[in-house]
Amino acid sequence: MGEPRPLRVLSRGLGLAAARVRGRPRPFSITFILTHRCNFRCAHCDVPEAAAYEMSTDEFRRAIDELADAGMMRASFSGGEALLRDDLGTLVRHARERGCVTSLNTNGWLHQRFLEEVAPWLDVLMVSIDGPEPAHDLVRREGSFGRAIRTLRAARERGIATTTITVLQPGNLRLVDEVLTLARREGFWAYFQPAYADCFDHHAGLHPALGGRVLADVADRLARARDAGDPVGASAGYLERLRSAPAFGDCTRCAAGRYFATVFPDGAVVPCHLQSQGPGPNGLDIGFAEAFAALARPSGPGCAISPYQELDLIFGLDRHAIAAALRRLAG
């Protein structure tokens, strides 16, 4: 299974430091959206509507190889629901064998496939949790909460670092404390982020019910919980940006497109999924490392997507974000 996780993190961290000194873009963290297909139809998510052409196993393997050669140290796999791809285990294993830290975002429904095909090659698991069982199953489907929890428990038993992401919308804004209680009991780090009106269009803005005052209150509640010792995954920097809603910083200064990016199912390379409108470079046409190098700078008033903001803070050498990431990797 390759060198241990701490050695992989350390060796690639040194590469990041060297690239920062030289000021050169480098694809350290890449999210591979394997499919837009999903077995759920959540009201806050329009990703399944974009389902179309998907690259083959060999084409995704080529993308992993080219980006690993260019310096990729973290390979994250997502969807849609990535476990709908029969080759997910093959691709995660390939990324691990190329020396990458591997992570997976899933809804946890396909529990058995995860255990048999993916878990042996995974470093970090993130499962979507919308709240306690009644609220979660209402958003997704009956029985989905139980499967999500079983997947998290099985991952922890195998030494995989476990996290959850809760997409905040009017139906679960009051359930933050319940999610944190669950996180304490089950031993995972809990992340929260607001829902967007359109998953692919930054300019569409947040869900209309999520105004600045609402998100500032969420940030304050999470800060108090973290200070009390609750397993809040967010760093202080992310909570500070959440308080600045609706701006959340400045996209033109974001590390997206310089140190991290996203590969779509059809081979398109974008800084992030919210910056995917209009034509852009495609790795199948010009090579994936070349497509990364050709990315235009993102624009706009910043986003509230937790993984992107945490990566931006990490690549900006924010010590609190780096510490939070190390805690997450340590499980």
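Visitor: In which loop is Leu317 found?
Guide: Leu317 is found in the loop between helix 12 and helix 13 (319-330), where helices (H or I, at least four residues) and strands (E, at least two) are DSSP runs, numbered from the N terminus. Before we go on, note that this is a predicted model, in which local features need pLDDT of at least 70 and side-chain atom pairs count only at pLDDT 80 or more, while totals for chains, interfaces and linings use all residues. Residues are numbered from 1 along each chain as its sequence is written, and side-chain values use heavy atoms, with hydrogens and water left out.

Visitor: What makes the phi of Leu317 worth a remark?
Guide: Its phi is near 60°, a positive value in a residue other than glycine. Phe248 also has a positive phi, near 60°, and is likewise not glycine; the place of Phe248 is in the loop between helix 9 and strand 7.

Visitor: What makes helix 12 mostly covered?
Guide: In helix 12 (residues 306-315), nine of its 10 residues are buried, among them Tyr308, Leu311 and Phe315.

Visitor: How do you know that strand 5 is largely enclosed by the rest of the structure?
Guide: Eight of the eight residues of strand 5 (residues 161-168) are buried, so the strand is largely enclosed by the rest of the structure. In a regular strand the side chains alternate between the two faces of the sheet. Here both faces are covered, with Ala161, Thr163, Ile165 and Val167 buried on one side and Thr162, Thr164, Thr166 and Leu168 buried on the other.

Visitor: Why is the unit of strand 5, helix 7 and strand 6 called right-handed?
Guide: A crossover is right-handed if, with the strands pointing away from the viewer, the path from the first strand over the helix to the second runs clockwise. Strand 5, helix 7 (residues 176-186) and strand 6 make a right-handed β-α-β unit, and you can check the direction of that path on the model.

Visitor: Why is the contact of Asp69 and Arg98 called a salt bridge?
Guide: A salt bridge is a side-chain nitrogen of Lys or Arg within 4 Å of a carboxyl oxygen of Asp or Glu. For Asp69 and Arg98 the N to O distance is 2.6 Å, so the pair qualifies. Asp69 lies in helix 2 (residues 57-69) and Arg98 in the loop between helix 3 (88-97) and strand 3 (101-106), so the pair ties together parts that are 29 residues apart in sequence. Asp69 is exposed, with a relative accessible area of 61%, whereas Arg98, at 29%, is partly exposed.

Visitor: How do you know that Arg153 and Glu186 form a salt bridge, and what do they link?
Guide: Their closest N and O atoms are 2.6 Å apart, so they meet the definition. The pair links distant parts of the chain, with Arg153 in helix 6 (residues 144-157) and Glu186 in helix 7, 33 residues apart. Arg153, at 41% relative accessibility, counts as partly exposed, while Glu186, at 12%, counts as buried.

Terms used. Buried < 20%, exposed > 50% of the residue type's maximum accessible area, 1.4 Å probe, protein only.
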